[in-house]
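Let's take a walk through a protein together. Have a look at the picture first, and then we will go through it part by part.

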Amino acid sequence: MQLRKQQHNHLAEINRIMSMYQALSCRQLSRLFPELPYEKVMALLERLHKTGRLVLLREEGLVLLTKDCSPNQDILSAFWVLLDFLPEITYHTVSDFPAVLTFYTKSDAYDVIHVAEGKENLMNQVLSSLKEDATRRLVVVDLPGQISCLNFPGICAFCTVDDKGTVQYYKTARRT
């Protein structure tokens, strides 16, 4: 009975996450459930796929909320950053531009912002009008060379994310 309830809770949580993010990788969803082996998470995804509650693209390693959803690379990259903060995360959600997602830990609030190569000036203009507040900004860049071109309030770290989901953080000499 307890096992069935846990399985139901996991299925409900996967549905909740997918309704927010629309498309994630299987590996990302698996990392959200560190207590479950990868194979168990995949079995839960299979079950949701068979009942039509989501779309599992096994070969691509992707999960979509519906067949009409397409992966958003900004969200996929930002989600890897979010996963680096587990298990301290108390809440997370998709955000409105310029942030990709927002999450809270027990002590801090973070906005994850993606700055595509060539969009540095635009993002500086958009974000320079923001006041320094309690929200810390984690800035995902495509290339480390972009870091020197970015200067707006609240930056606590820059990072890159590779295709495998490895997040590399960078320190800067300037105070932002």
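Which residues in α4 are buried? They are Ile-75, Leu-76, Ser-77, Ala-78, Phe-79, Trp-80, Val-81, Leu-82 and Leu-83. Buried here means under 20% relative accessible area, with exposed over 50% and partly exposed in between (1.4 Å probe, protein chains only). Nine of the 11 residues of α4 are buried, so this helix is largely enclosed by the rest of the structure. Helices (H or I, at least four residues) and strands (E, at least two) are DSSP runs, numbered from the N terminus.

A word on what you are looking at: this is a predicted model, where local features need pLDDT of at least 70, side-chain atom pairs count only at pLDDT 80 or more, and totals for chains, interfaces and linings use all residues. Residues are numbered from 1 along each chain as its sequence is written, and side-chain values use heavy atoms, leaving out hydrogens and water.

Now to the inside. A nonpolar core is a set of buried Ala, Val, Leu, Ile, Met, Phe, Trp, Tyr and Cys residues joined through side-chain atoms within 4.5 Å. The largest one has 40 residues, and Leu-24, Leu-45, Val-81 and Phe-103 touch the most other members. Elements that each supply at least two residues of this core include α1 (2-21), α3 (38-50) and β5 (99-105). The biggest contribution, eight residues, comes from α4. A second, separate core of 12 residues includes Val-141, Ile-147, Leu-150 and Phe-158.

Next, follow the strands. β5 and β6 form a hairpin with three residues between them, and they pair in the antiparallel sense over five bridges; two strands pair if DSSP finds at least two bridges between them. Within this pairing, Leu-101 has Val-112 of β6 as its bridge partner. On to β7: β6 pairs with it in the parallel sense over seven bridges, and there the bridge partner of Val-112 is Leu-138. How well is β6 covered? Seven of its seven residues are buried. Ala-109, Asp-111, Ile-113 and Val-115 are on one side, with Tyr-110, Val-112 and His-114 on the other.

Finally, go back to α4. Several elements each supply at least two residues of the lining of the largest pocket, among them α2 and β8, but the largest share, four residues, comes from α4. A pocket is an open set of points on a 1 Å grid over the protein atoms alone, where a 1.4 Å probe fits, with protein on both sides within 12 Å along at least five of seven lines; lining residues have an atom within 4 Å of a point.
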